[in-house]
Amino acid sequence: MAVVDAGEARGYRPSATMPFAAEFRRQASRRRTQLALGFMVLLPLIILIAFQFDSGGDDDNGRNEFSSLVELATSGGLNFTLFSIFVSASFLLVVVVALFCGDTVASEASWGSLRYLLAIPVPRARLLTVKLVVALAYSGLALLLLAGTALAAGTLRYGWSPLRSTVAAELEPTEGLLRLLAVLGYLAVVLLVVAGLAFLLSVTTDAALGAVGGAVLLWILSSILDQITALGALRDFLPTHFSTAWLGLLSTPVQTDDVVRGCISAISYATLFWGLAFWRFTRKDITS
């Protein structure tokens, strides 16, 4: 005979509340999700169209370096994908990850629906876990859509050619594809810092825009501080210090020292931020 705890409804199981699939579908129906993912598909196409208007005669006034990158981008699908990642990694992807992870809890609070979710009742830790996993899933999907669309569009337009970059020798297409997958994997790990910071701000404030904007601004601030050489070794502890270490994955031979340090730094920061988010939310008075 089943034993029912005092005050607990018969058949109630905390682990059965707020299923992942239901939350995933719910977030998929939101306009911000559709627009963010749609833009990830649209951006490579916009870049592709923009390249068709290149006259080839605008190399003055310090534009030679960028022009050389454009020439590499139009030399094959893999190179076009690398260019799309390069122009998106420092800001666009940061904004998208901050949007998914910073909006997830704060928006519920701003709508006044958060307290109703907890009254179902959904355990607070489970609510946070499901929302975090769904936000990370959409962040990863956005990264894959950007790279996948760029690879498909670039290959159709420029062909399947070896991967070339300014930091490495020419790589055969198969090896080049593996290098790009490694770059995507590293970027996903680095962006966990943004995800953790945005999620922490999301459980701290009821303003979704504040959580998203705060995470982006703090990331930008860290990037600015990282450029100040007078800080010396202190820069190694900034979350953005190893954000461009993925370039080492394209070099010949592969440079992994900073990649390993970057992964350790990102995972440490993300774990700290997520831990603080759970600690804060489980002790917070929910009034909205």
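Trainee: What makes helix H4 (residues 77-89) roughly parallel to helix H9 (residues 173-190)?

Mentor: Two packed helices are described by the angle between their axes and by the distance between those axes. In this predicted model, where local features need pLDDT of at least 70, side-chain atom pairs count only at pLDDT 80 or more, while totals for chains, interfaces and linings use all residues. The axes of H4 and H9 cross at roughly 15 degrees and come within 10 Å. Axes are lines fitted to C-alpha atoms, for helices over the stretch in contact, and angles run from 0 to 180 degrees between N-to-C directions. Angles under 35 degrees count as roughly parallel, over 145 as roughly antiparallel, 65 to 115 as roughly perpendicular and the rest as oblique, so H4 is roughly parallel to H9.

Trainee: Which residues of H4 and H9 make the contact, and of which classes are they?

Mentor: On the H4 side the contact is made by Leu78, Thr81, Leu82, Ile85 and Ala89, and on the H9 side by Pro173, Gly176, Leu177, Leu180, Val183, Leu184 and Leu187, where contact means heavy atoms within 4.5 Å. By class there are ten nonpolar, two polar and no charged residues, given that Ala, Val, Leu, Ile, Met, Phe, Trp, Tyr, Cys and Pro count as nonpolar, Asp, Glu, Lys and Arg as charged, and the others, Gly among them, as polar. Residues are numbered from 1 along each chain as its sequence is written, and side-chain values use heavy atoms, with hydrogens and water left out.

Trainee: Why is helix H8 (residues 124-158) called oblique to helix H10 (residues 192-204)?

Mentor: H8 and H10 pack at an angle of about 140 degrees, with their axes 11 Å apart.

Trainee: Which residues meet where H8 passes H10?

Mentor: Leu128, Leu132 and Leu136 in H8 meet Leu192, Ala195, Phe199 and Val203 in H10, and by class this contact has seven nonpolar, no polar and no charged residues.

Trainee: How do you know that Glu23 counts as buried?

Mentor: Glu23 lies in helix H1, and its relative accessibility is 3%. Buried means under 20% relative accessible area, exposed over 50% and partly exposed in between, with a 1.4 Å probe and protein chains only, so Glu23 counts as buried. Not counting residues up to four places away in sequence, Glu23 touches Met18, Val130, Lys131 and Val134.

Trainee: What makes Thr149 and Thr17 count as buried?

Mentor: Thr149, which is found in helix H8, has 15% relative accessibility and therefore counts as buried; leaving aside neighbours within four places in sequence, Thr149 is in contact with Val41, Pro44 and Leu45. Thr17, placed in the segment before helix H1 (20-28), has 9% relative accessibility and so counts as buried. Thr17 and Arg126 are 109 residues apart in sequence, and 8.2 Å apart in space from C-alpha to C-alpha.

Trainee: How many helices and strands does the protein chain have, and what share of its residues count as buried?

Mentor: The protein chain has twelve helices and two strands, counted as DSSP runs numbered from the N terminus, with helices being H or I of at least four residues and strands E of at least two. Of its 288 residues, 43% count as buried.
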